Amino acid sequence: MIEQDWLNERFTEHQDRLQGVAYRMLGSPSEAEDAVQEAWLRVSRADTGQVENPAGWLTTVVARVCLNMLEARRSRREDPAGALPPEPATPHASTRPGGQTDPENEALLADSVGVALMVVLDTLTPAERLAFVLHDVFAVSFGEIGTIIDRSPTAARQLASRARRRVQGAAGASDAARSPKREIVAAFLAASRKGDFAALLELLDPDAVAVEIRGGHAVAAFFTGRAQAARLALVDGVPAAVWSHRGRPKAVFTFTISDGKITCIAIDTDPDRLRDLDIVFLRADDKERG
């Protein structure tokens with residue numbers, strides 16, 4: 001009974017922090033509550049005799065529960081029917097080296113992008129998300145993080161670094177996400193999905209080119225009804241469209257715009273080049289990311 005009372009006190013003492021960890025990990029208040037409840041069920045049955053750091057131990061338990069929930073969330077995704085690949089939920093993360101961030105600014109960065117942070121977190125793998133959230137937001141050491149995800153501290157550091165670059169990209173992409181080009185690309189995708197030939201024609205320059213297709217009418221005819229699975233994204237910070245399958249980009253559409261009209265649409269399907277792109281998906285109704 002004494003041990004149970006001690007455990008109740010420690011859990012209550014750290015519950016706000018645990019709820020914060022779960023929310024940042026899962027992005028849903030209701031799922032965060034479920035995760036904390038599941039964590040309590042686990043710790044209430046555990047042997048606490050060897051626990052020297054209750055806060056760290058409880059955080060680890062909640063993090064593992066959240067990691068399991070994120071992985072289950074990914075495994076439940078099913079391919080929708082249709083001619084085009086499904087929209088992704090976990091795009092390929094950039095592997096290019098980025099600038100270093102001093103420790104004092106890491107947590108500030110994590111909180112500075114507001115809603116954009118939650119959007120970008122949804123594009124990370126469960127391990128990347130856990131490493132970034134625990135280290136940059138809650139100051140958990142890479143050694144502890146490595147234990148949770150069964151990887152070395154160095155690997156945990158690399159996961160957090162990769163996730164941090166994407167968050168930095170989201171913070172720096174606010175202007176691009178609000179730009180006129182973003183609006184034109186979003187309108188093009190919407191018209192293509194709806195099969196609105198007239199709207200497509202209005203967005204295209206009369207001499208527009210798309211790969212081997214030339215002329216606004218021909219380009220509009222080609223894209224009418226064909227962008228069901230293409231998503232609005234920032235590709236290396238520039239508004240574009242991305243076609244993905246099982247969370248990996250298969251084609252990137254870049255747009256050249258002059259005087260408010262699309263003059264050229266280039267399509268890149270080379271896997272090696274796509275692998276090196278920094279892709280941040282945008283919601284179609286997002287007006288800003290910052």
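Is P239 buried or exposed?

## Basis of the model

This is a predicted model, in which local features need pLDDT of at least 70, side-chain atom pairs count only at pLDDT 80 or more, and totals for chains, interfaces and linings use all residues. Residues are numbered from 1 along each chain as its sequence is written, and side-chain values use heavy atoms, with hydrogens and water left out.

## Residue P239

P239 is buried, at a relative accessible area of 4% (buried means under 20%, exposed over 50%, partly exposed in between, with a 1.4 Å probe and protein chains only). P239 belongs to strand β4, residues 238–245. I184 is 55 residues from P239 along the chain, and their C-alpha atoms are 9.2 Å apart.

## Packing of α3 and α7

Helix α3 (residues 54–75) packs against helix α7 (residues 142–149) at an angle of about 45°, with 10 Å between the axes. The contact (heavy atoms within 4.5 Å) involves G56, T60, A63, R64 and L67 of α3, together with E144, T147, I148 and I149 of α7. These residues comprise 4 nonpolar, 3 polar and 2 charged.

## Confidence

The protein has an average pLDDT (the predictor's confidence in each residue, from 0 to 100) of 78, and 77% of the residues score at least 70. The pLDDT is below 50 over residues 78–115, a stretch with 82 contacts beyond near neighbours in sequence. Where pLDDT is low, the predicted coordinates should not be read in detail.

Key
Helices (H or I, at least four residues) and strands (E, at least two) are DSSP runs, numbered from the N terminus. Axes are lines fitted to C-alpha atoms, for helices over the stretch in contact, and angles run from 0 to 180 degrees between N-to-C directions. Ala, Val, Leu, Ile, Met, Phe, Trp, Tyr, Cys and Pro count as nonpolar, Asp, Glu, Lys and Arg as charged, and the others, Gly among them, as polar.
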